[in-house]
Amino acid sequence: YAETLQDAQNLPKKTEQEFIGVIVKESDRMTKIVQDLLMLSRFDTGNIAFKFERFSFEKSIHDIYNAMLLEAQKHNHRFTIEFKTPVPDIIGDEARIEQVLINMVSNAIKYTRDGGSIVMTAGRKDDVVWVSVRDNGIGIPKEDVDKVFDRFYRVDKARSRESGGTGLGLSIAQEIVNRHNGSIVLTSRQGKGTVITMTLPVEGPKNEG
């Protein structure tokens with residue numbers, strides 16, 4: 001596209017704008033890939049700092065719900081939130097946990113056909129808190145469910161490319177949750193939808209004090 005703009009004479013203005021839009025979108029996607037790869041490289045080398053502090057997990061869930069609501073509404077999704085039990089404050093890296101929550105919800109929005117249903121639920125069980133995002137989207141083939149946390153895996157490659165997906169989001173999410181001594185689990189049925197659940201210790205990772 002860039003070469004065409006550079007070489008072509010008298011391209012219609014509308015075509016020029018379309019080409020520029022493609023270049024900007026692809027540049028943004030490339031930047032995101034580089035940023036994600038850099039973060040994974042830092043995980044691999046242990047060269048990434050976490051800031052463990054007590055924060056309101058309930059507020060984080062509400063904040064991410066509110067932040068993603070408009071995006072869900074753009075696709076005419078019914079997006080709801082429910083707390084099964086009171087949710088306590090927890091020890092963790094607030095910004096990185098919110099990064100995981102954003103990934104969980106954005107995937108649900110991305111892989112659910114317009115007019116779908118997305119439900120965010122959360123609660124506490126014993127010494128852990130949990131949050132789940134359930135959708136009635138395209139789901140994942142049974143043979144691929146175990147691959148979703150692999151680097152560069154994408155459920156729907158065409159749609160991921162269209163929406164700027166890198167296939168690295170869940171890999172990064174898993175690394176973040178592992179650093180918290182938590183778990184992130186996904187179950188799915190093709191054509192029926194997906195549920196992804198993050199569980200975190202209330203008192204944070206023991207080795208972080």
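1. Asn181 is partly exposed, with a relative accessible area of 45%, where buried means under 20% relative accessible area, exposed over 50% and partly exposed in between, using a 1.4 Å probe and protein chains only. The residue belongs to the loop between H6 and E6, and its phi is positive, about 60°, although Asn181 is not a glycine. Most residues other than glycine have a negative phi.

2. On the basis of these comments: this is a predicted model, in which local features need pLDDT of at least 70 and side-chain atom pairs count only at pLDDT 80 or more, while totals for chains, interfaces and linings use all residues. Residues are numbered from 1 along each chain as its sequence is written, and side-chain values use heavy atoms, with hydrogens and water left out.

3. His180 is also found in the loop between H6 and E6, but His180 is buried, with a relative accessible area of 2%. Leaving aside neighbours within four places in sequence, His180 is in contact (heavy atoms within 4.5 Å) with residues including Phe50, Phe52, Ile91, Ile97, Leu200 and Pro205. Asp93 is another of its contacts, and the backbone nitrogen of Asp93 lies 3.0 Å from a polar atom of the His180 side chain.

4. Asn76 sits in the loop between H3 and E2 and counts as exposed, at 58% relative accessibility.

5. For the chain as a whole, there are six helices and seven strands, these being DSSP runs numbered from the N terminus (helices H or I of at least four residues, strands E of at least two). Along the sequence they follow the pattern α-α-β-α-β-β-α-β-β-α-α-β-β. The C-alpha atoms fill a box of roughly 70 × 40 × 35 Å along the principal axes, and 42% of the 209 residues count as buried. Among contacts between residues at least 6 apart in sequence, 70% join residues at least 24 apart.

6. Five strands form an open sheet with mixed pairing, in the order E2-E4-E5-E7-E6, where two strands pair if DSSP finds at least two bridges between them. Strand E2 (78-83) and strand E6 (183-189) stand at the edges with a single partner strand each, so one side of each is left without a neighbour in the sheet. Neighbouring strands are turned by 10° against each other on average, direction ignored.

7. Within this sheet, E2 and strand E4 (residues 117-125) pair in the parallel sense over six bridges, and Phe79 stands opposite Ile118 in E4. Ile118 also has a bridge partner in E5, namely Asp135. E4 and E5 run antiparallel and are joined by eight bridges; they form a hairpin with two residues between them, and Asp126 in the turn has a positive phi of about 55°.

8. Helix H3 (residues 57-74) lies across E2, E4, strand E5 (128-135) and strand E7 (193-201), running at about 170° to E2. Helix H6 (residues 169-179) lies across E6 and E7, at about 145° to E6. Axes here are lines fitted to C-alpha atoms, for helices over the stretch in contact, and angles run from 0 to 180 degrees between N-to-C directions.

9. Helix H4 (residues 94-110) packs with H6 at an angle of about 145°, their axes being 9 Å apart. The crossing is left-handed, a term used if the near helix is turned anticlockwise from the far one by less than a right angle. Among the residues that meet are Ile97, Val100 and Asn103 in H4 and Leu170, Ala173 and Val177 in H6. The contact divides into seven nonpolar, four polar and one charged residue, where Ala, Val, Leu, Ile, Met, Phe, Trp, Tyr, Cys and Pro count as nonpolar, Asp, Glu, Lys and Arg as charged, and the others, Gly among them, as polar.

10. Helix H2 (residues 13-45) also packs with H6, at an angle of about 35° and with axes 10 Å apart, in a left-handed crossing. Asp36, Met39, Leu40, Phe43 and Asp44 of H2 make this contact with Ser171, Ile172, Glu175, Ile176 and Arg179 of H6. These residues divide into five nonpolar, one polar and four charged.

Methods. Polar contact = N/O pair within 3.5 Å; in protein donor to acceptor, adjacent residues only side chain to side chain.
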